[in-house]
Amino acid sequence: MAGLRAKQKADKTRRILEAATTLFREQGYDSARIEDIAEMAEVSVGTLYNYYQNKGDILVATVAMEVTEVLEGGARIVSNPPLNVAEALRTLIDQYYDHSLVYLSKEMWRTAMAISIQQPETPLSRRYTELDGQLSAQVVRLVETLQARGVVHAGIDAKAMGEVFFNNLNMMFIEFCKVDAMSLEELKVRVNAQHEPIATLISTVKIV
């Protein structure tokens, strides 16, 4: 019985998030109404409020859903990465970027970022920061894995280097979200160009 309740809860949660992302895209985050989200999700407004206190909670839950799927895909890459630093970074980061607009638009990302900055002490903001931390940790694990396999110099601080790569890819993603005209391909090309010289410096394998 408990398993059935959990399944029903997961189903309602998914329907709410799918309805919200649809309306956020079609109407904009500010214009979308809780009542319309509930109607599209085929739940009562009261039921929706049992799951989420406001639209901000729904938005961050959508970010969490996106990041969870990205981390799952990233884990497969980290467990068996290409044995070339630049290629391994590109593979992982491209996977992050390619998934970034599956559920959220640039406008939705901007809103989530703004909420996390404007309300730093709220559970919503702390959750956003936690998700960033999980992504950063995964990039660190990639560098550690490459180092363990002899591809990255042993003297490199893998944690610091992974954080450098993450901080850059994250800042470039913010720039991408700010500029509606920038495409995902342009973002990926620019980030790869920025990371490649660093990857060459820390690599034990020199490409001739």
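Mentor: Let's start with a term: helices (H or I, at least four residues) and strands (E, at least two) are DSSP runs, numbered from the N terminus. With that in hand, the elements of the protein run α-α-α-α-α-α-α-α-α from the N terminus on, giving 9 helices and 0 strands. Keep in mind that this is a predicted model, where local features need pLDDT of at least 70, side-chain atom pairs count only at pLDDT 80 or more, and totals for chains, interfaces and linings use all residues. Residues are numbered from 1 along each chain as its sequence is written, and side-chain values use heavy atoms, with hydrogens and water left out.

A bit of setting before we go inside. The C-alpha atoms fill a box of roughly 60 × 45 × 30 Å along the principal axes. Of the 208 residues, 45% count as buried (under 20% relative accessible area, with exposed over 50% and partly exposed in between, using a 1.4 Å probe and protein chains only).

Now the spaces themselves. Rolling a probe the size of a water molecule over the atoms shows where empty space is left. Here a cavity is a set of points, on a 1 Å grid over the protein atoms alone, where a 1.4 Å probe fits but cannot get out; lining residues have an atom within 4 Å of a point. Grid points are joined across faces, edges and corners, and a volume is the space filled by probe spheres set on the points. The count comes to 2 cavities of 30 Å³ or more.

The largest cavity has a volume of about 210 Å³. It is lined by 17 residues, and the closest to its centre are Glu66, Trp109, Leu135, Asn170 and Phe173. Helices H4 (55-79), H5 (85-99), H6 (106-118), H7 (123-148) and H8 each give two or more residues to this lining. By class, the lining divides into 13 nonpolar, 2 polar and 2 charged residues (Ala, Val, Leu, Ile, Met, Phe, Trp, Tyr, Cys and Pro count as nonpolar, Asp, Glu, Lys and Arg as charged, and the others, Gly among them, as polar).

Two of those central residues, Trp109 and Phe173, also belong to one aromatic cluster with Tyr97 and Phe176. Rings of Phe, Tyr and Trp (its six-membered ring) pair if their centres lie within 6.5 Å; planes under 30 degrees apart count as stacked, over 60 as edge-to-face and the rest as tilted. That rule gives 4 aromatic pairs. One of them is Phe173 with Phe176, a tilted pair at 5.8 Å centre to centre and 35° between the planes. Both sit in helix H8 (residues 158-178), 3 residues apart, about one turn of the helix, and both are buried.

On to the second largest cavity, with a volume of about 60 Å³. Its lining includes Arg90, Asp94, Lys188 and Glu196. H5 and H9 are the elements that give two or more residues to this lining, and the largest share, 6 residues, comes from H9. By class, the lining has 5 nonpolar, 2 polar and 4 charged residues.

Notes
1 Å grid on protein atoms, 1.4 Å probe; cavity = no way out; pocket = protein on both sides within 12 Å on 5 of 7 lines; lining within 4 Å.
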